[in-house]
Amino acid sequence: MHRLPPRTFLIGAWLLLVAAVVLGLLSGPVSIAPGKLLELFSRQSDMDVRILQDLRLPRVLLAMLAGACLASCGAVMQGLFRNPLADPSLIGVSSGASLGASAVIFFGGVGFLSGVFELTAIAAGAFIGGLVATALVYRLASTITGTSVSTMLLAGIAITALSGAATSLFGFFADNEMLRRISLWQMGNLDSANWSRVGIIAVAVLPLMVLLPREGRALNAILLGESEARHLGIAVESLKGRLILLTALGVGVAVAVSGVVAFVGLIVPHLVRLMIGPDHRYLIPGSAILGAVLLLLADTGARSLMAPAELPTGVVTALLGAPFFVALLLQQRRKVLE
Amino acid sequence: MLLARNLSLNVAGFSLLRNINLDVEPGKVTAVIGANGAGKTSLLRLLTGEQKASDGEVVFNGRGIGDWQPQHLARMMAVLPQHSRLDFPFTAREVVTLGRIPHATGLVRDAQIVNDALQAVDGGYLDKRYYTQMSGGEKQRVQLARVLAQIWEPVDDGQRVLMLDEPTSAFDLAHQQLTLTIMRSLAEQGVGVLVVIHDLNLAARCADQLLVLSCGEIAASGEPGEVLTPELIRDVFHVEATIAVNPLTGTPMVLA
């Protein structure tokens, strides 16, 4: 395995992100001339500039923030569970959020809620559902002697199955229109981007981007084993509690504003680890940047591929990411065989 | 420096350890021997503060083991567990560098210590190799280098202690010898060394003080020459043995 120096990788990832932002702003149902970007922050009433300011920019920011959040939380979960296959949905947060959102769509669909308010209610439902599920999983796995990571894994599976069943029940009893909206939401979609949603997710994600990388060294020690980490002076129990809480908050908010975008949290940290190794001091920021790039590109694809119609972002994420990841795995395998 | 007074441990109604008294002294190697399930690893867990004793106390550098801040404790006490599972592709250098986490000595000094520690375990050539692709013995040597790096130099907080749980189980003859040399040279620097070991002859060769655990109690303790007798080996291990003198080192040798 050939590794890139972490700093080189981070610089490359930032450049990639800038390119993805420019691409994301310019492409869509209406192509915009690159020159218009210079007027992005002007007060013109030019149609293209208005599209940039009111539609494209919030959507690009939303995709970036959600992607960064999901991927860095994924990196943290994989470290905490010492399992490269872990992802944020393991602690129940995604399925809980799904259930919360479906419940709001189901009960709200009768006609109380409409328009913008309904979207906000769905997001709130998702956020609360995610937090409740995580709290349950965490409680189930905690005893006086500490939190057992393997019990948490099992509890996560159980809670995920339970909320999945409940979500299916809502789907079963829902009418066609509701059913379509529930399943659309589960595919993950950013089409409801607006500045207030950007505000909500920024409040959650920006602190996360500061707090998570600070736990990098401790997470490196955790990879050795919990008891080894303790012998290295890490307060393991409080670290676990902190990381679970931050992840639940981060993923809860991300899922609330963008629906269930699977895959980013699992694949991006994995990809970054293949490129620069498992050191969390670089893995977490690297995953955040690359997660932002992946979701941004996927969303740009979702907007442009079948314009003026839109594809669900989560579907494009998997369509784009999976073949790329498989290619990377094949390349790794070839190198090992040589 | 590390004292255990009347330690007892009960877990789920079973009494795992009873009335253990023990002094790990600076500059000496203390070896703990005993049959499987005698409580060696449990004793280690109590001594490192990982588990609280049901009764009795552990005092380290003049303070109860639980009263130390984890980070301060980690600067003085390094522990090598029996099995370490690490499934992520860190390089040997990265693993050993983890041993410097409790310290704030700076990157340059840490890199030197990591070099020295890897050299000490005959692992200089492993430097950039991936842990996940190493043999069992190489992995164990890298882990040993990690705990050595953790207590490489004296610190202001107090005297240093190194605890090893069967450090030689995956080693070939040369690396077993190397481990004994390392323990000895650490002791000469004033580090207290506590080692759990299965091979009685290795224990006899490396230890200044031998502690024999049997069914959760201390069956005997003292210098290897006094402790290792045919009677004790019959009582503790249920094996008939003859004790000879190692012609090279003058230490007792168990023939069974």
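A crossing of two helices is called left-handed if the near helix is turned anticlockwise from the far one by less than a right angle. The exercises below apply to a predicted model.

**Exercise 1.** Determine how helix H7 (residues 195-214) of chain A is oriented relative to helix H10 (residues 236-258) of chain A, and state the handedness of their crossing.

*Solution.* Begin with the axes of H7(A) and H10(A), which come within 10 Å and cross at roughly 155 degrees. Since angles over 145 degrees count as roughly antiparallel, H7(A) is therefore roughly antiparallel to H10(A). As to handedness, H7(A) passes H10(A) in a left-handed crossing. Turning to the residues that meet, H7(A) contributes several, including Ile200(A), Ala204(A) and Leu208(A), while those of H10(A) include Leu246(A), Gly250(A) and Val253(A). By class, this contact has twelve nonpolar residues, one polar and one charged.

**Exercise 2.** Decide whether Val95(B) is buried or exposed, and identify its contacts beyond four places in sequence.

*Solution.* Locate Val95(B) in helix H3 (residues 92-98) of chain B. Around Val95(B) there are 27 other C-beta atoms within 10 Å, and because the cut-off for a buried residue is 20 or more, Val95(B) is buried. Leaving aside neighbours within four places in sequence, Val95(B) is in contact with Phe90(B), Tyr131(B), Val142(B) and Arg146(B).

**Exercise 3.** Describe the side of chain A that touches chain B, by helix and by residue class.

*Solution.* The contact takes 19 residues from chain A and 20 residues from chain B. On the chain A side, helix H8 (216-224) and helix H9 (226-231) each supply at least two residues, and H8(A) gives the most, with five residues. By class, this side divides into eight nonpolar, six polar and five charged residues.

Methods. Residues are numbered from 1 along each chain as its sequence is written. Chains are lettered from A and ligands numbered from 1 in the order in which they are written. This is a predicted model: local features need pLDDT of at least 70, side-chain atom pairs count only at pLDDT 80 or more; totals for chains, interfaces and linings use all residues. Two residues are in contact if their C-beta atoms, placed from the backbone, lie within 7 Å. Helices (H or I, at least four residues) and strands (E, at least two) are DSSP runs, numbered from the N terminus. Ala, Val, Leu, Ile, Met, Phe, Trp, Tyr, Cys and Pro count as nonpolar, Asp, Glu, Lys and Arg as charged, and the others, Gly among them, as polar. A residue is buried if 20 or more other C-beta atoms lie within 10 Å of its own, exposed if 12 or fewer, and partly exposed in between; C-beta atoms are placed from the backbone. Axes are lines fitted to C-alpha atoms, for helices over the stretch in contact, and angles run from 0 to 180 degrees between N-to-C directions. Angles under 35 degrees count as roughly parallel, over 145 as roughly antiparallel, 65 to 115 as roughly perpendicular and the rest as oblique.
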